[in-house]
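Please look over the protein below before reading on.

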Amino acid sequence: MKRVFLILLFVCVSSSAFAQAQIGLRGGLDLCLDNGKAKCDSLKPGYSVTLAPGYQFHTFAAVHLDINFSSVNAENDKAPDITFFHVIPMLSGVIDTGAAIISIGGGVGYNRLKMSQGSMGFEANTYLAIKAALALMFPINKQLSMGLGVDYVYNGEMEACINDKCNKNDMISQLHANL
């Protein structure tokens, strides 16, 4: 019964008159946000680049996969440079006003973090990166839109292990300001 329901759901969604494949490319600033014990005192903004292949299966709804590379940089030797890699499946609500398209979405996915300070560095993973996104897009033609967006990413906790001793620590959160 479950299989039949999934097949019917797929047929209804994929045969919608509004169904269309999409691909998004966004770039902008990555801003550090404090999260618990993780502070951004010595970190300055970095870059954020996102590739987002997706599928709008209804006039008001779309799914896509956000693949994001981003970083924040140390202002001095007191903090490490931090690089992030996110893979987050997203579900978005879409409102087409005619002159502009508003997209509001969220998702949960994977995050990989790399910290480096001088010759030292380490990597950590979390499978609970939570992302909320808001975008305002202006259609140029039927195939191309340009706009502004903001993404908030809660990166949760990381587990860092040094010499078989592991500690859980808060990870900084991120705010991406995109074009």
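The points that follow are grouped by topic.

This is a predicted model, in which local features need pLDDT of at least 70, side-chain atom pairs count only at pLDDT 80 or more, and totals for chains, interfaces and linings use all residues. Residues are numbered from 1 along each chain as its sequence is written, and side-chain values use heavy atoms, with hydrogens and water left out.

**Overall make-up**

- The protein has 1 helix and 11 strands. Helices (H or I, at least four residues) and strands (E, at least two) are DSSP runs, numbered from the N terminus.
- Of the 179 residues, 35% are buried. Buried means under 20% relative accessible area, exposed over 50%, and partly exposed in between (1.4 Å probe, protein chains only).
- Take the contacts with a separation of 6 or more: 55% of them link residues 24 or more positions apart. A contact means heavy atoms within 4.5 Å.

**Strand pairing around S4**

- Two strands pair if DSSP finds at least two bridges between them.
- S2 (residues 43-44) runs antiparallel to S4, with 2 bridges. Here Lys44 stands opposite Asn73.
- S3 (residues 46-58) is also antiparallel to S4, with 8 bridges. A hairpin of 2 residues joins S3 to S4, and Val49 stands opposite Phe69.
- S4 and S5 are antiparallel over 12 bridges. Asn68 in this pairing stands opposite His86.
- In a regular strand, side chains alternate between the two faces of the sheet.

**The nonpolar core**

- The largest nonpolar core holds 15 residues. Such a core is a set of buried Ala, Val, Leu, Ile, Met, Phe, Trp, Tyr and Cys residues joined through side-chain atoms within 4.5 Å.
- Leu43, Val72, Ile82, Phe84, Leu113 and Ile172 have the most contacts inside this core.
- S4 (61-74), S5 (81-96) and S6 (101-117) each supply at least two of its residues.
- Leu113 touches residues including Ile82, Phe84, Phe122 and Met158.

**Ser173**

- Where is Ser173 found? Ser173 is in strand S11 (residues 173-178).
- Ser173 is buried, because its relative accessible area is 0%.
- Its side chain makes a polar contact with the side chain of Tyr152 (3.4 Å). A polar contact is a pair of N or O atoms within 3.5 Å; within protein, one must be able to donate a hydrogen and the other to accept it, and residues adjacent in sequence count only if both atoms are side-chain atoms.
- Ser173 also touches Leu31, Cys32 and Val153, among others.

Definitions and conventions
Lists of a residue's contacts leave out its neighbours within four places in sequence.
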